[in-house]
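Here is a short report on a single protein chain. Begin with the sequence and the structure, then read on.

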Amino acid sequence: IQTAPPVETFQLVDPQHPLLHQQLEEFDFANAPVNPNDFASTLVETCKKYKGLGLSANQCGYEHRVFVMGTGDNYVAFFNPEITWVSEDKSKMEEGCLSFLDLFLMVERPNTIKVYYQDFNGEERTQRYSGISARCFQHELDHMNGIVYTDKVKPLALQQGLKKRNKLIRKIRIK
């Protein structure tokens with residue numbers, strides 16, 4: 001019986017890693033630092049491994065301006081993404097992050113966005129997202145701009161979220 005080769009994945013960086021707080025430079029397709037398709041595929045596999053909805057390159061220690069998002073077998077890679085329009089209507093919703101395991105915080109974001117990005121071939125694309133897709137896109141784009149979701153909440157809310165997480169971790173260790 002033949003077995004499939006192990007799927008390559010990246011390691012996630014520590015939540016204090018300086019790359020998480022740094023604005024990433026544009027990905028240059030004319031002078032690509034990595035094969036865009038291979039890199040995006042590895043990001044997708046890493047995102048799936050950790051059961052995330054999205055993952056930015058800097059969360060894995062890379063300075064490439066790219067993130068992936070999706071579920072199941074339906075992931076998209078976004079190179080050099082931008083938000084070109086946001087709706088005025090916003091909502092608060094609980095968000096988590098693969099860089100901050102088990103920390104869930106209420107974050108307010110626009111409900112609908114229009115975006116521009118390049119796919120892994122460098123082709124320009126535009127898209128409109130709403131709901132969880134819009135939220136995920138904004139969360140991952142924040143990563144590439146050096147913003148983590150803990151920056152978007154008041155200190156007391158962060159403190160309460162950390163307390164809740166620590167309680168959950170203690171509960172799990174007891175079992």
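## Around Y129

Setting aside neighbours within four places in sequence, Y129 makes contact with M69, F78, N111, T112, I113, V115, A134 and F137. The model is a predicted one. Y129 belongs to strand β7, which covers residues 124-130. Y129 counts as buried because its relative accessible area is 13%, under the 20% cut-off. L162 is 33 residues from Y129 in sequence, and the two C-alpha atoms are 30 Å apart in space.

## Nonpolar cores

The largest nonpolar core holds 16 residues. Those with the most contacts inside this core are F39, L43, L55, V66, V68 and F79. Two or more residues each come from α1 (36-49), β2 (66-71) and β3 (74-86). Helix α1 gives the largest share, five residues.

Beyond residues up to four places away in sequence, V66 touches F39, L43, S56, A57, F78, F79 and M144. As a general point, nonpolar side chains in soluble globular proteins tend to be buried together.

## Helix α2

Is α2 largely enclosed or largely open? Eleven of its 13 residues are buried, so the rest of the structure largely encloses α2. The buried residues are A134, R135, C136, F137, Q138, H139, E140, L141, D142, H143 and M144. Just after α2, G146 takes a positive phi of about 80°.

## The largest pocket

The largest pocket has a volume of about 360 Å³. Its lining has 21 residues, and L53, E95, G96, C97 and L98 lie nearest the centre. At least two lining residues each come from β4 (90-97), β5 (100-110) and α2.

E95 sits in strand β4. E95 counts as buried because its relative accessibility is 4%. Leaving out neighbours within four places in sequence, E95 contacts L103, F104, L105, V107, R109, R135, H139 and Y149. R135 and H139 are both buried residues of α2.

## Cysteines

How many disulfides does the model have? The count is zero.

| Cysteine | Nearest cysteine sulfur | Distance between sulfurs | Relative accessible area |
|---|---|---|---|
| C60 | C47 | 8.9 Å | 8% |
| C97 | C136 | 10 Å | 8% |

C60 is buried. C97 is in no disulfide either, with the sulfur of C136 10 Å away. C97 is also buried, and C97 is one of the residues nearest the centre of the largest pocket. C136 is among the buried residues of α2.

Conventions:
Residues numbered from 1 in each chain as written. Predicted model: local features only at pLDDT ≥ 70, side-chain atom pairs only at ≥ 80, totals over all residues. Heavy atoms only, no water. Core = buried A, V, L, I, M, F, W, Y, C linked by side-chain atoms within 4.5 Å. Buried < 20%, exposed > 50% of the residue type's maximum accessible area, 1.4 Å probe, protein only. Helix = DSSP H or I, 4+ residues; strand = E, 2+ residues; numbered from the N terminus. Contact = heavy atoms within 4.5 Å. Disulfide = S-S within 2.5 Å. 1 Å grid on protein atoms, 1.4 Å probe; cavity = no way out; pocket = protein on both sides within 12 Å on 5 of 7 lines; lining within 4 Å. Points joined across faces, edges and corners; volume = space filled by probe spheres on them.
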